[in-house]
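Visitor: I'd like to learn how to read a protein model, starting with the whole fold and ending with one pair of packed elements. Could you walk me through it?

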Amino acid sequence: MWIAYIVLMLVACLALAAALCFVKRQSQFFIVLSCLFYAALICTGVCCASYHNTFNGYSILIFLSVLPLLLTLFKLKGAEQDELSDTSSQNTTLKNAAPKSASMQNLSSNNFSTQNAVSQNARLAQPATQSDDKINKLNAKTGKKSTIFAANWTAIMRGAAYAISAFCVAFCSLYVGKESPYGLLMGIALGLGLTFLHFILTKQNLLQDPWGFVANSLLFLAVGMLFSSILPALLYSLALDNILFSVGCVAYCVYLLLETYLPSKFNHLALAAAYLLLFATIVF
């Protein structure tokens, strides 16, 4: 009976994965279908665990690793838009204040002689240049604030979600591989190394984009933890479930790297393959 449920949920996952290939990522239907896709993955895992009634820490962690991926579907732009609106409003007020002061002084200068008008026009040039200097200084200051202090919360939230999900999967390697914490420590070191390598290859300035460094470090930390969980699983045994677990971690890493360098609406196919392989370890 549970085999029929597993087959039905597998068909549902594949159908939703195929439907996501024909929907634009900017549309609202993509979010709805993605939520259904993640829900189908969780239901598939529950059916696989119910087949042998193996609701242990390994299977529960794999279920939980799907939940943080829901956070990657949402975008947080409120803080960035507020800061951009504040800077634009300050710039517009300064620009509007300069013409008003100039027009009021021009009206008062019409009551004097032509010589006084020429002298006053020369005096008016100095406040205009001073106001332009103030605008330029304000633009420079706000530009620094917008690049350094304005955090890209969407990228940080996506990186944190991937890191939590990868940590759950990597912790599962303690159940199928050697029980040693050195794998996770190696994953942290590998993640930091990949982060600095990414910034070197892309020639990005760490001081100008510190929040991008935080988001990328979380993302590559997830890649490092997944890669580091392969070796303990294979060193412990070359059984079928260990091989499936290792291939599933590789597929998950491929998905994360594709999302980083080649974002596309077909990348979720690698994620579907990763979780189906991980769920297969529960059955076999």
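Guide: Happy to. The protein chain has eleven helices and zero strands, and keep in mind that this is a predicted model. Read from the N terminus, its elements run α-α-α-α-α-α-α-α-α-α-α.

Visitor: How much of the protein chain is buried?

Guide: Of its 284 residues, 37% are buried.

Visitor: Now the helix pair. At what angle do H6 and H8 pack?

Guide: Begin with the two axes. Helix H6 covers residues 153-176 and helix H8 covers residues 210-228; they pack at about 15°, with axes 8 Å apart. Angles under 35 degrees count as roughly parallel, so H6 is roughly parallel to H8.

Visitor: Is their crossing left-handed or right-handed?

Guide: The crossing of H6 and H8 is left-handed.

Visitor: Which residues of H6 and H8 meet?

Guide: On the H6 side, look for Ala155, Ile156, Gly159, Ala160, Tyr162, Ala163, Ala166, Phe167, Val169 and Ala170. Facing them from H8 are Trp211, Ala215, Leu218, Leu219, Ala222, Met225 and Leu226.

Visitor: How do the residues of that contact divide into nonpolar, polar and charged?

Guide: The contact of H6 with H8 has 16 nonpolar residues, one polar and no charged.

Methods
Residues numbered from 1 in each chain as written. Predicted model: local features only at pLDDT ≥ 70, side-chain atom pairs only at ≥ 80, totals over all residues. Heavy atoms only, no water. Axes fitted to C-alpha atoms, helices over the stretch in contact; angles between N-to-C directions. Helix = DSSP H or I, 4+ residues; strand = E, 2+ residues; numbered from the N terminus. Parallel < 35°, antiparallel > 145°, perpendicular 65-115°, else oblique. Left-handed = near helix turned anticlockwise from the far one by under 90°. Contact = heavy atoms within 4.5 Å. Nonpolar A, V, L, I, M, F, W, Y, C, P; charged D, E, K, R; others polar. Buried < 20%, exposed > 50% of the residue type's maximum accessible area, 1.4 Å probe, protein only.
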